[in-house]
Amino acid sequence: LVNSTLMSMGVASTDLVDTQREFAADITKSGANVDQVFDDITSNTAVVSKYFSGNTEELKRAAIQANKLGMSIADMAGVAEQLLDFENSLAAQFEFQALTGKNINFDLARQLALQGDIAGATQEVLNQVGSIHEFNQLDFMAKQKLAEATGMSVEQLGKSLALQEKLPGMTEAQAAAAERLGLSQAEIMNMQKE
């Protein structure tokens with residue numbers, strides 16, 4: 001199935017084996033799970049064709065980033081699409097700011113989404129949200145408005161922020177192992193390196 005997805009992106013049949021091998025090597029080097037990344041790519045062919053039209057390097061980068069954040073390519077596409085639903089996203093963003101007094105600016109994330117950089121848009125959203133500790137201090141309504149503004153669920157936001165917080169102190173292999181466990185935000189935050 002990966003081969004058919006790559007072929008639909010314009011990879012020549014003579015280059016499929018080398019391209020797939022290169023993908024697997026780069027995914028392994030990143031610490032992401034090869035099978036999960038390939039499953040994500042093949043499960044989301046519509047998103048792949050919409051956002052990556054022939055750019056296999058960008059697809060690889062986005063799929064690896066999605067895996068490391070506990071998301072899928074489709075989740076990242078959902079973030080981009082919600083950001084580009086300007087009226088609803090901006091309304092939720094302003095409601096969040098009114099509830100919390102915290103200023104957030106998703107303009108760069110929206111610009112990246114317009115350019116089709118769904119991985120960059122998702123990362124910029126997480127950068128604007130802040131740390132998992134800041135997120136956990138928000139009340140339910142503020143978390144809900146933030147989720148509406150970003151196109152992520154409250155659970156996705158928490159899990160992605162928790163993974164992002166834990167990843168710097170972990171080796172790539174440990175981070176990949178943690179992601180494969182499918183843990184909740186609380187379980188990730190309580191996790192030890194062992």
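1. Of the 194 residues of the chain, 46% count as buried, where buried means under 20% relative accessible area, exposed over 50%, and partly exposed in between, with a 1.4 Å probe and protein chains only. The model is predicted: local features need pLDDT of at least 70, side-chain atom pairs count only at pLDDT 80 or more, and totals for chains, interfaces and linings use all residues. Residues are numbered from 1 along each chain as its sequence is written, and side-chain values use heavy atoms, with hydrogens and water left out.

2. The chain has 14 helices and zero strands. Helices (H or I, at least four residues) and strands (E, at least two) are DSSP runs, numbered from the N terminus. Among contacts between residues at least 6 apart in sequence, 64% join residues at least 24 apart; contact means heavy atoms within 4.5 Å.

3. The largest nonpolar core holds 52 residues, of which Ile41, Phe52, Ile73 and Leu146 touch the most other members. A nonpolar core is a set of buried Ala, Val, Leu, Ile, Met, Phe, Trp, Tyr and Cys residues joined through side-chain atoms within 4.5 Å. Leaving aside neighbours within four places in sequence, Phe52 is in contact with Met9, Val47, Glu58, Leu59, Ala62, Ile73 and Ile118. In soluble globular proteins, nonpolar side chains tend to be buried together.

4. By the ring rule, the count comes to one aromatic pair. Phe23 and Phe38 form this pair, which is stacked, at 6.5 Å centre to centre and 20 degrees between the planes. The rule pairs rings of Phe, Tyr and Trp (its six-membered ring) if their centres lie within 6.5 Å; planes under 30 degrees apart count as stacked, over 60 as edge-to-face and the rest as tilted. Phe23 belongs to helix 2 (residues 16-30) and Phe38 to helix 3 (residues 34-43), 15 residues apart. Both Phe23 and Phe38 are buried.

5. Gln93 is placed in helix 7 (residues 86-100). Its relative accessibility is 4%, so Gln93 counts as buried. Beyond its neighbours within four places in sequence, Gln93 is in contact with Ile104, Asn105, Phe106, Arg110 and Ala149.

6. Met141 lies in helix 11 (residues 140-150). Because its relative accessible area is 41%, Met141 is partly exposed.
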